[in-house]
Amino acid sequence: MITLEVPSRDKSYHWLLSWITKHARHTQHLSVETSYQAHESGRVHTQFDFHPSPGNHLIWYGRKWIRVERTREKQMVDLHTGTPWESVTFTALGRDRQIFFNILQEARELALKQEEGRTVMYTAMGGEWRPFGFPRRRRPLSSVVLEQDVGDRLVHDVKEFIGNPKWYTDRGIPYRRGYLLYGPPGCGKSSFITALAGELGYSICLMSLSDRTLSDDRLNHLLSVAPQQSIILLEDVDAAFVSRELQPNENPLAFQGMGRLTFSGLLNSLDGVASSEARIVFMTTNYIERLDAALIRPGRVDLKQYIGHCSHWQLAQMFGRFYPDSPLSDGERFAQDALSVHPEISAAQVQGHFLLHKTDPQAHRQCQENQRVNGPEGE
Ligand SMILES: Nc1ncnc2c1ncn2[C@@H]1O[C@H](COP(=O)(O)OP(=O)(O)O)[C@@H](O)[C@H]1O
Ligand SMILES: [Mg+2]
């Protein structure tokens with residue numbers, strides 16, 4: 001008899017659960033895993049996934065019966081995640097281990113197929129990364145309209161980085177690259193990073209530095225165990241630490257709270273992300289002036305990009321994407337009108353306007369007219 005035990009902290013555990021669900025079609029002991037997703041529109045989508053419940057299941061596979069036992073410890077709880085300690089054990093007759101390799105392989109392929117064309121988001125749970133929510137359908141890069149060439153330049157830079165590990169190893173330079181996107185809210189920083197991950201086929205590891213349970217050690221650990229082919233995304237980095245220069249009398253850990261994450265701990269973690277594969281860190285902020293210079297110096301942040309309010313060109317592009325049947329001149333007209341009323345308009349506001357007037361490309365004319373009559377509060 002040969003057995004294989006897979007503990008819940010192993011990466012393949014969730015893949016195997018799905019595999020078991022697929023193969024143990026006749027099992028009558030199921031447990032449910034409910035996930036739901038709240039859309040920006042407020043619509044909530046709920047999905048129930050059945051998994052084989054703890055206990056024994058028999059699966060006919062590869063012309064053999066395999067016993068699958070899923071156990072859940074009643075006494076033991078994973079201290080990191082607060083979930084019960086679990087494992088699945090496969091038992092087969094014979095001595096051929098190949099059958100387990102086949103199962104693991106199949107489970108992995110199954111999982112990858114489900115993720116195909118989608119972007120998986122991970123968040124940190126204790127000391128590990130857990131996928132959260134549904135894998136999202138990839139957002140096409142073209143749907144995020146940045147100022148001319150800005151998007152292309154970033155994509156080109158990241159692709160070049162990923163494609164050249166040798167350049168780094170030859171020179172003994174850690175194989176990582178840091179990016180900072182800064183600028184007013186609603187202009188596409190987060191959207192662009194999501195779309196970029198989709199374009200690269202990468203997942204996103206979302207990390208909040210203002211998480212109060214984050215300590216130096218944990219951050220360090222998390223960065224070193226991040227899933228392969230993922231972008232580490234640190235959103236709103238300004239919120240976690242206030243520039244030391246701005247607060248001379250205060251402890252650099254202005255954001256001390258209960259958290260034990262220190263500013264130097266963050267820098268060390270960023271510097272220490274040693275890994276043989278490409279490590280890409282993206283940071284975003286609305287207030288670059290609040291960031292400590294040490295955080296964004298080259299090596300930690302290799303490329304800074306301002307993502308600002310919409311330009312004339314962007315507005316015309318967005319108009320064209322939204323109302324593909326309208327003549328180009330309408331887009332130009334729209335851009336002109338929009339800027340004359342709101343010289344600083346974010347892409348999110350423009351998107352909001354389009355959504356309000358889905359079928360009426362000329363709606364802005366009316367808005368502008370109202371504004372001329374009623375003053376800037378018109379819209
Ligand atoms: N440049 C853009 N092109 C298309 N849509 C955009 C753009 N910028 C923002 N949006 C839309 O506005 C909303 C907020 O954008 P987000 O990326 O979260 O902004 P930021 O991270 O810069 O605050 C999203 O729904 C996004 O689709
Ligand atoms: Mg954002």
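1. Buried means under 20% relative accessible area, exposed over 50%, and partly exposed in between, with a 1.4 Å probe and protein chains only. By that scale Asp-170 is exposed, at 51%. Lys-166 is exposed too, at 56%.

2. This is a predicted model, in which local features need pLDDT of at least 70, side-chain atom pairs count only at pLDDT 80 or more, and totals for chains, interfaces and linings use all residues. Residues are numbered from 1 along each chain as its sequence is written, chains are lettered from A and ligands numbered from 1 in the order in which they are written, and side-chain values use heavy atoms, with hydrogens and water left out.

3. Salt bridges come next. The criterion is a side-chain nitrogen of Lys or Arg within 4 Å of a carboxyl oxygen of Asp or Glu. Searching the whole structure gives nine salt bridges. Helices (H or I, at least four residues) and strands (E, at least two) are DSSP runs, numbered from the N terminus.

4. Asp-170 and Lys-166 form one salt bridge, with the closest N and O atoms 2.8 Å apart. Both residues sit in helix 4 (residues 165–171). They are four residues apart, so about one helical turn separates them.

5. Asp-271 and Arg-300 also meet through their side chains in a salt bridge, at 2.8 Å from N to O. Asp-271 belongs to helix 7 (residues 263–272), whereas Arg-300 lies in the loop between strand 14 (279–285) and strand 15 (303–306), so the bridge ties together parts that are 29 residues apart in sequence. Asp-271 is partly exposed at 25%. Arg-300 is buried at 10%.

6. A salt bridge joins the side chains of Arg-72 and Glu-86, again given as 2.8 Å, N to O. This pair links distant parts of the chain, 14 residues apart: Arg-72 is in strand 5 (residues 64–77) and Glu-86 in strand 6 (residues 84–92). Arg-72 is partly exposed, with a relative accessible area of 40%. Glu-86 is buried, at 9%.

7. Now the strands. Two strands pair if DSSP finds at least two bridges between them. Strand 8 (residues 121–125) runs parallel to strand 12 (residues 203–207), joined by three bridges. Strand 8 also pairs with strand 9 (residues 128–131), antiparallel, over four bridges. Tyr-122 stands opposite Cys-205 in strand 12 and opposite Pro-131 in strand 9. Strands 8 and 9 make a hairpin with two residues between them. In the turn, Gly-126 has a positive phi of about 60 degrees.

8. What surrounds ligand 1? The shell holds 16 residues, the closest being Val-145, Gly-186, Lys-189, Ser-190 and Ser-191. A residue is near if one of its heavy atoms lies within 4 Å. The shell divides into seven nonpolar, six polar and three charged residues. Here Ala, Val, Leu, Ile, Met, Phe, Trp, Tyr, Cys and Pro count as nonpolar, Asp, Glu, Lys and Arg as charged, and the others, Gly among them, as polar.

9. Check the N and O distances at ligand 1. A polar side-chain atom of Arg-139 lies 3.0 Å from a ligand 1 oxygen atom. Helix 5 (189–200) and helix 10 (347–356) are the elements that give two or more residues to the shell.

Methods:
A polar contact is a pair of N or O atoms within 3.5 Å; within protein, one must be able to donate a hydrogen and the other to accept it, and residues adjacent in sequence count only if both atoms are side-chain atoms.
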